[in-house]
Amino acid sequence: MARHKGSRHDVKGRSTAALADARFREMLGPPKDQPWAWTSQEMLESRAYTRLSRAAMLCLNRLKLEHIAHGGRQNGALIVTYEQFIEYGVARNGIASAIRELEEAGFVQVMVRGGRSFGTHNVPSQYRLTWLPDFNGNAPTHDWRRQQKEFPDTLKRGHATP
């Protein structure tokens with residue numbers, strides 16, 4: 001019987017969760033030469049995540065990039081301007097609704113609601129990714145899980161279950 005070299009096997013030949021050697025553990029771990037942010041399988045398979053619009057996905061990914069840029073230490077004070085969302089590919093007229101969608105789905109919390117910048121007046125919005133700890137060391141709230149329980153078949157934006 002051929003066995004995969006990457007994992008250990010029990011007496012019946014079934015693969016176990018344990019990896020066979022350190023080389024495989026290292027290859028499957030986070031990249032050592034660049035920053036990264038994790039996302040769980042549970043979250044990626046959630047109804048809340050799979051129902052996100054393209055604009056919401058782009059906004060979420062841009063917020064994750066901002067989180068990574070600060071070494072994971074600014075969650076809850078992440079600042080991404082409208083111009084940065086636009087540079088990332090989000091249409092200007094879709095940004096506000098995409099952020100609302102992310103809030104309703106439970107992936108993002110707007111900590112400070114900013115306003116339009118003009119002259120010396122500049123109050124940017126600040127965001128928190130709910131599945132990651134914040135900059136004060138508070139545990140993740142995983143608000144998207146609550147949305148799963150409250151809206152098992154639909155999200156507030158009106159997508160029906162197929």
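Let's start with Trp 144. Its relative accessibility is 1%, so Trp 144 counts as buried. Buried here means under 20% relative accessible area; exposed means over 50%, and partly exposed lies in between, using a 1.4 Å probe and protein chains only.

A quick word on the source. This is a predicted model, where local features need pLDDT of at least 70 and side-chain atom pairs count only at pLDDT 80 or more, while totals for chains, interfaces and linings use all residues. Residues are numbered from 1 along each chain as its sequence is written, and side-chain values use heavy atoms, leaving out hydrogens and water.

Now the overall layout. The protein has seven helices and four strands. Both are DSSP runs, numbered from the N terminus: helices are H or I with at least four residues, strands are E with at least two. Along the sequence, the order reads β-β-α-α-α-α-α-α-β-β-α. Of the 162 residues, 31% are buried.

What about contacts? Take those between residues at least 6 apart in sequence: 53% join residues at least 24 apart. A contact means heavy atoms within 4.5 Å.

Back to the rings. How many aromatic pairs does the structure hold? Four. Rings of Phe, Tyr and Trp (its six-membered ring) pair if their centres lie within 6.5 Å; planes under 30 degrees apart are stacked, over 60 edge-to-face, and the rest tilted.

Trp 144 lies in helix 7, 37 residues from Phe 107.

Last, the surface. The protein exposes about 10,400 Å², and carbon and sulfur atoms supply 51% of that. These areas come from the Shrake-Rupley method with a 1.4 Å probe; for residues, only the protein chains shown count as cover. Look at Val 112, in strand 3 (residues 108-112). Val 112 is partly exposed, because its relative accessibility is 30%.
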